[in-house]
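Dear colleague,

Please find below the structure that I am handing over to you. My notes on what was found in it follow directly after.

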Amino acid sequence: MANTNVAFGLKPINTAGSTPATGGVNAYPIGSSAAAIFQGTPVKCDNGGSIVVGSATGDTVAYVGVFQGCEYVSATTGKKVFSNTWPGSGSADTNFDITGFVYDNPLQRFIIATDATFTDEATAKASIFENTQLDSGASGSTTTGISSAKMDVATLDSSNASLPLKIVGILDDVDNEDFAAAGIPMIVMINNHALLQADSEAASS
């Protein structure tokens, strides 16, 4: 039967070498003019030190991590808002800080749903340790605040580590084990993590 997974971006599952737990989040500034950022979206730092979304595919982007949520003072109500999405320019009172929270551990592992079929389980297993791009990596739902990013099966590459994600496993999930359908939950890590770059600002510009 078809998988129940829909697009949800990247969900933290654990860190490499650890028991099931996340590496936690750290605070990063968001520029008041930054475009919308959805929970589960991979983000990079711009040259001003703020987090912003990368490209839709993420190709060659040095990500600092994955967006979890934010806090800001509403430009409309004057009250502090805690949200799983940054709505974008004009949302915040710029007299106050806009803070985003990011899963930024370079060893963080994430689950992401595939955008297409692997045909069979053997083909899916053969993709482990290959690199891949994102599909709809910068998009999301303004209703739920959740990213619509998926893993782009068509871009699998065994040697190109400039692609943003490295596949490290397949989640055992009885509701999403139809390898002939989209929505297989793959376990991935971020390639070329910005916090491991000698010059992360230059790498992310």
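This is a predicted model: local features need pLDDT of at least 70, side-chain atom pairs count only at pLDDT 80 or more; totals for chains, interfaces and linings use all residues.

Asn 191 sits in the loop that runs between β14 and α2 (200-204). Its side chain comes to 3.4 Å from the backbone oxygen of Leu 165. When neighbours within four places in sequence are set aside, the residues in contact with Asn 191 are Asn 131, Ala 161, Leu 163, Pro 164, Leu 165 and Lys 166.

**The chain as a whole**

The protein chain contains two helices and 14 strands. Its radius of gyration is 17 Å, close to the 17 Å given by the globule rule for 205 residues, so the chain is as compact as a globular protein of that length. The C-alpha trace spans about 55 × 40 × 30 Å along its principal axes. Of the 205 residues, 45% count as buried. Among contacts in the protein chain with a separation of 6 or more, 70% are between residues 24 or more positions apart.

**The six-stranded sheet**

Six strands form an open sheet in the order β1-β10-β14-β13-β11-β12, and their pairing is antiparallel. The edges are taken by β1 (11-15) and β12 (150-157); each has a single partner strand, so one side of each is left without a neighbour in the sheet. From one strand to the next, the twist averages 45°.

Within this sheet, strand β10 (residues 108-113) is joined to strand β14 (residues 185-190) by four bridges, and the two run antiparallel.

**The nonpolar cores**

The largest nonpolar core has 20 residues. Those with the most contacts inside it are Leu 10, Phe 110, Ile 112, Phe 118, Leu 134, Met 151 and Val 188. At least two residues of this core are supplied by each of β10, β12, β13 (165-170) and β14. The largest share, three residues, comes from β14.

Ile 112 shows how many parts of the chain meet here. Not counting residues up to four places away in sequence, Ile 112 touches Phe 8, Gly 9, Leu 10, Leu 134, Ala 149, Lys 150, Met 151, Leu 165, Ile 184, Pro 185, Met 186 and Val 188. Apart from this core lies another, of 19 residues, which includes Ala 34, Val 43, Ile 51 and Ala 194.

**Strand β9 and its two partners**

Strand β9 (residues 99-103) is mostly covered, with four of its five residues buried. Strand β2 (residues 26-29) is joined to β9 by four bridges, and these two strands run antiparallel. In that pairing, Asn 26 has Val 102 of β9 as its bridge partner. β6 also pairs with β9 in the antiparallel sense, over five bridges. Here Cys 70 has Gly 100 of β9 as its bridge partner.

Gly 40 lies in the loop between β3 (37-38) and β4 (42-45). With a relative accessible area of 3%, Gly 40 is buried. Setting aside neighbours within four places in sequence, Gly 40 is in contact with Phe 8, Gly 9, Leu 10, Val 66, Phe 67 and Ser 147. The C-alpha atoms of Gly 40 and Ile 146 are separated by 6.5 Å, although the two residues are 106 residues apart along the chain.

Thr 77 is likewise a loop residue, placed between β6 (65-73) and β7 (80-83). Its relative accessible area is 53%, so Thr 77 is exposed, the cut-off for that class being over 50%. A polar atom of the Thr 77 side chain lies 3.2 Å from the backbone nitrogen of Lys 79. The C-alpha atoms of Thr 77 and Asp 93 are 9.3 Å from each other, the two residues being 16 residues apart along the chain.

With kind regards

Terms used:
Residues are numbered from 1 along each chain as its sequence is written. Side-chain values use heavy atoms; hydrogens and water are left out. Buried means under 20% relative accessible area, exposed over 50%, partly exposed in between (1.4 Å probe, protein chains only). Contact means heavy atoms within 4.5 Å. Two strands pair if DSSP finds at least two bridges between them. Axes are lines fitted to C-alpha atoms, for helices over the stretch in contact, and angles run from 0 to 180 degrees between N-to-C directions. A nonpolar core is a set of buried Ala, Val, Leu, Ile, Met, Phe, Trp, Tyr and Cys residues joined through side-chain atoms within 4.5 Å. A polar contact is a pair of N or O atoms within 3.5 Å; within protein, one must be able to donate a hydrogen and the other to accept it, and residues adjacent in sequence count only if both atoms are side-chain atoms. The radius of gyration is taken over C-alpha atoms; the globule rule is 2.2 Å times the number of residues to the power 0.38.
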